[in-house]
There are 2 protein chains.
Amino acid sequence: MFEQEQEAHSFFLLLDGHVRVIKTTPDGQEVTVRYISPGELMGIAHALGRTTYPASAIAAIDCVLLAWPGHLWPKFADAFPNFGANTYKTVGSRLQDAHTRVVEMSTEQVDQRVAHALLKLVKQTGRKTDEGIMIDFPISRQDIAEMTGTTLHTVSRLLSSWEEKGLVKSRREKVTVVEPHRLLVLAEGRTGKN
Amino acid sequence: MFEQEQEAHSFFLLLDGHVRVIKTTPDGQEVTVRYISPGELMGIAHALGRTTYPASAIAAIDCVLLAWPGHLWPKFADAFPNFGANTYKTVGSRLQDAHTRVVEMSTEQVDQRVAHALLKLVKQTGRKTDEGIMIDFPISRQDIAEMTGTTLHTVSRLLSSWEEKGLVKSRREKVTVVEPHRLLVLAEGRTGKN
DNA sequence: TGAGAACTTTGCTGCAGCGCAAACAAGTTG
DNA sequence: CAACTTGTTTGCGCTGCAGCAAAGTTCTCA
């Protein structure tokens, strides 16, 4: 969709689908920064006073989106005061999210981080099914690993063990949370011991 | 100075000194989000569309600052267009910083993170001395640990070993970087092995 | 329908770094 | 200057989780 460091030629509004935003380190490792859901703006480098994209965006599933050339940004912000105001609120809440991520990465164990990540995805994109709440796009163990700073192996092990306990159900590139509440307990848990 | 979750009564401009911004987890662990240097705005919850502070601020050393009641925020932004624009640029760059932190926490080892943290502090607040560049306010091992998501013990061990190698010099609550370049190599290093 | 690609599971091994504990500075205060 | 308080160092044991390796599954495409 667009690439890190590339000239920020356009900004987008996602109408349908899901987009993964990733950052790549010099040595090739990828870190998922966030997932974009329908209705969200993306590629808003201009709002941050940048001329290049700070990250890459990849469609997690087929998407429909509107695109405008970057140079329209100031005009938009001018012509529609609410547009500007809302954008800044968006940026603000992304800053919050990022700080939350930093705190999680600093203080939580891998299992808690993965649990939090799943809950976040479920909240953001969950679709109710008769088995529980399903994450509404294909997501691999690798993807989850890149969100939580771990390896696909560890994620696989965690999901297996949670499936045994009836917390989640997963097939290839699909995850369904069966018992959000118990998963939340696990995510918050570990007060000292456990 | 102000506390997390507290009503955002004021916003501030730091004139002199250094401020540590921290987030506290429900179970009492503290994570340092960033350090504020003279000339920077702080407590700008209002710019993010919030009414409470998202974090706590503590003077790392005696400070001089200007404070305005929060309700003046919209007036300021209105009356001085540059003020508003600049603020949003600030927020944007903080978002960048936060994402960088996330990437570092996800992909780097503890020693690299500590090295990066020291370099960042040196760049932001360093003062040249005849021994190297000194971080210009009292900073304990514990503080560094809270910036990097590790323990004071590990930080202590790292600093000791770096001191042996002549990379840094440290006394109680003081750190001087003697060889920034070699430290940078260490921070970036570890391409595969080493 | 069969070969290959992509994703997942699982066992085993090793070690970075945390937790604990105890001794040791270096300031600070009466 | 003696008694504290606060920060630092260092040793040791343990463990969470990464790395490696090798099957096993599911999907896709010719």
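With 9 C-beta neighbours inside 10 Å, B:Glu164 counts as exposed, since the limit for an exposed residue is 12 or fewer. The place of B:Glu164 is in helix 5 of chain B, the helix that gives the most residues to the surface near DNA strand D. The model discussed here is predicted. Chain A superposes on chain B by a rotation of 180 degrees with 0.0 Å of shift along the axis, and that is the relation of a two-fold axis.

**Surface near DNA strand D**

- There are 20 residues around DNA strand D, and those that come nearest are A:Gln109, A:Val110, A:Thr154, B:Ser140 and B:Ser156.
- Two or more residues each are given to this surface by helix 3 (110-125) and helix 5 (152-164) of chain A, and by helix 4 (141-148) and helix 5 (152-164) of chain B.
- Helix 5 of chain B makes the greatest contribution to the surface near DNA strand D, at six residues.
- By class, the surface near DNA strand D holds 11 polar, six charged and three nonpolar residues.

**Surface near DNA strand C**

- DNA strand C is surrounded by 21 residues, of which A:Ser140, A:Ser156, A:Ser160, B:Val110 and B:Thr154 are the closest.
- The elements that supply two or more residues here are helix 4 (141-148) and helix 5 of chain A, along with helix 3 (110-125) and helix 5 of chain B.
- Helix 5 of chain A gives the most to the surface near DNA strand C, with six residues.

**Contact between chain A and chain B**

- In the contact between the two chains, 27 residues of chain A meet 27 residues of chain B.
- On the side of chain A that touches chain B, strand 3 (30-36) and helix 2 (81-107) of chain A are the elements that give two or more residues.
- Helix 2 of chain A provides the largest share of that side, 15 residues.
- The residues of the side of chain A that touches chain B comprise 12 nonpolar, 10 polar and five charged.
- Of the interface residues of chain A, 100% are also interface residues in chain B, so the copies meet through the same surface.
- The superposition of chain A on chain B has an RMSD of 0.0 Å.

- In soluble globular proteins, nonpolar side chains tend to be buried together.
- The largest nonpolar core in this model has 93 residues, and A:Leu118 and B:Leu118 have the most contacts inside it.
- Leaving aside residues up to four places away in sequence, B:Leu118 touches B:Val175, B:Val177 and B:Leu183.
- In chain B, the buried residues of helix 6 (residues 180-188) are B:Leu183, B:Leu186 and B:Ala187. They cover an arc of only 100 degrees around the axis, which puts them on the same side of helix 6 of chain B.
- Helix 3 and strand 10 (174-177) of chain B are included in what covers the buried residues of helix 6 of chain B.
- In chain A, residues A:Leu183, A:Leu186 and A:Ala187 of helix 6 (residues 180-188) are buried. Their arc around the axis is only 100 degrees, which puts them on the same side of helix 6 of chain A.
- The cover over the buried residues of helix 6 of chain A includes helix 3 and strand 10 (174-177) of chain A.
- An α-helix has 3.6 residues a turn, so residues three or four places apart point the same way.

**Backbone and individual residues**

- Most residues other than glycine have a negative phi.
- A:Glu5 has a positive phi of about 75 degrees although it is not a glycine. A:Glu5 belongs to the segment before strand 1 (10-16) of chain A, and with 11 C-beta neighbours inside 10 Å it counts as exposed.
- A:Glu173, also not a glycine, has a positive phi of about 60 degrees. The position of A:Glu173 is in the loop between strand 9 (168-171) and strand 10 of chain A, and its 13 C-beta neighbours inside 10 Å make it count as partly exposed.
- B:Glu164 and B:Arg50 are 114 residues apart along the chain, and their C-alpha atoms are separated by 47 Å.

Notes. Residues are numbered from 1 along each chain as its sequence is written. Chains are lettered from A and ligands numbered from 1 in the order in which they are written. This is a predicted model: local features need pLDDT of at least 70, side-chain atom pairs count only at pLDDT 80 or more; totals for chains, interfaces and linings use all residues. A residue is near a molecule or strand if its C-beta atom, placed from the backbone, lies within 6 Å of it. Helices (H or I, at least four residues) and strands (E, at least two) are DSSP runs, numbered from the N terminus. Ala, Val, Leu, Ile, Met, Phe, Trp, Tyr, Cys and Pro count as nonpolar, Asp, Glu, Lys and Arg as charged, and the others, Gly among them, as polar. Two residues are in contact if their C-beta atoms, placed from the backbone, lie within 7 Å. A nonpolar core is a set of buried Ala, Val, Leu, Ile, Met, Phe, Trp, Tyr and Cys residues joined through C-beta atoms within 7 Å. A residue is buried if 20 or more other C-beta atoms lie within 10 Å of its own, exposed if 12 or fewer, and partly exposed in between; C-beta atoms are placed from the backbone. Copies are superposed by least squares on the C-alpha atoms of residues with pLDDT of at least 70 in both. The arc is that of the directions from the helix axis to the C-beta atoms.
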